Amino acid sequence: MPSLGTNRERVLRAATTAFLAHGYGSSVDQIARRAGVAKQTVYHHFPSKDALFKEVARELVKGVLVELESEPQGLREGLVRFALAYRERALSAQGVATFRTLIPEIPRFRALARTVYAHSVGETVRRLADYLGKAMVAGRLRHDDPQFAAEILLGMLVGHDRMKRLFGIAPGEESEPRRAAHIVDCFLRAFSP
């Protein structure tokens, strides 16, 4: 019989499912039932629902980071690969559910929100800015503020498409690879040397 993991792992999985489905309003009783453990077991591993929510949030944002090649050789190809991977993570059902779950809780967890940003979107901006900065130095992109360029590209990659998904609007008919390439091409025209 396959192992269900440690009680802590089971609680985290159950809490993730509950928070993504029902937000912070999920009860510890529901989470314990879903995990197949006693409520006291949840509190043994996490002293409060807040602590459990924080751990779930930290785990969820780990999946957003996308690696970039260390050196931008084929700039367009590298950016298209990045765009596809980033869009897949940010715009997937889980990515949108994570966004929906975390955003309303920012006023309640301000310090956590800053940490989550720093380790997810903030780190993605930093890595992408480094990548774009190297391309600028090599003359493949016009010289500009690499962080600004990274923020612009990330906004182009998910901005309105995320809004459509949040409102339950189906994506357009353009295939995902074509959409990602189209966005990258627009970005490259804007920052052409």
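This is a predicted model: local features need pLDDT of at least 70, side-chain atom pairs count only at pLDDT 80 or more; totals for chains, interfaces and linings use all residues.
**Figure 1. The whole chain.** Residues are numbered from 1 along each chain as its sequence is written, and side-chain values use heavy atoms, without hydrogens and water. You will find 10 helices and 0 strands here (DSSP runs numbered from the N terminus: H or I of at least four residues for helices, E of at least two for strands). The C-alpha trace spans about 60 × 40 × 35 Å along its principal axes. Of the 193 residues, 42% count as buried (under 20% relative accessible area; exposed is over 50%, partly exposed in between). Among contacts with a separation of 6 or more, 72% join residues 24 or more positions apart (a contact means heavy atoms within 4.5 Å).

**Figure 2. Phenylalanine 19 meets phenylalanine 53.** The structure holds 7 aromatic pairs (ring centres within 6.5 Å; planes under 30 degrees apart are stacked, over 60 edge-to-face, the rest tilted). In this one, the centres of phenylalanine 19 and phenylalanine 53 are 5.0 Å apart and the planes stand at 80°, so the pair is edge-to-face. Phenylalanine 19 belongs to helix α1 (residues 7-22) and phenylalanine 53 to helix α4 (residues 49-62), so the partners are 34 residues apart. Both phenylalanines are buried.

**Figure 3. Tyrosine 24 joins in.** Tyrosine 24 and phenylalanine 53 also form an edge-to-face pair, because their centres are 5.3 Å apart and their planes lie at 80°. Tyrosine 24 sits in the loop between α1 and α2 (28-35), so its pair with phenylalanine 53 in helix α4 ties together parts 29 residues apart in sequence. Phe19, Tyr24, Phe53 and Phe109 make up one aromatic cluster.

**Figure 4. Charges over rings.** Lysine 49 lies over the face of tyrosine 24, 4.2 Å from the ring centre (NZ of Lys or CZ of Arg within 6 Å of the centre and within 35 degrees of the ring normal). Arginine 162 lies over the face of phenylalanine 99, at 4.2 Å from the ring centre.

Figure 5. Look for methionine 156 in helix α9 (residues 146-166). Its relative accessibility is 31%, so methionine 156 counts as partly exposed.

Key: Buried means under 20% relative accessible area, exposed over 50%, partly exposed in between (1.4 Å probe, protein chains only). Rings of Phe, Tyr and Trp (its six-membered ring) pair if their centres lie within 6.5 Å; planes under 30 degrees apart count as stacked, over 60 as edge-to-face and the rest as tilted.
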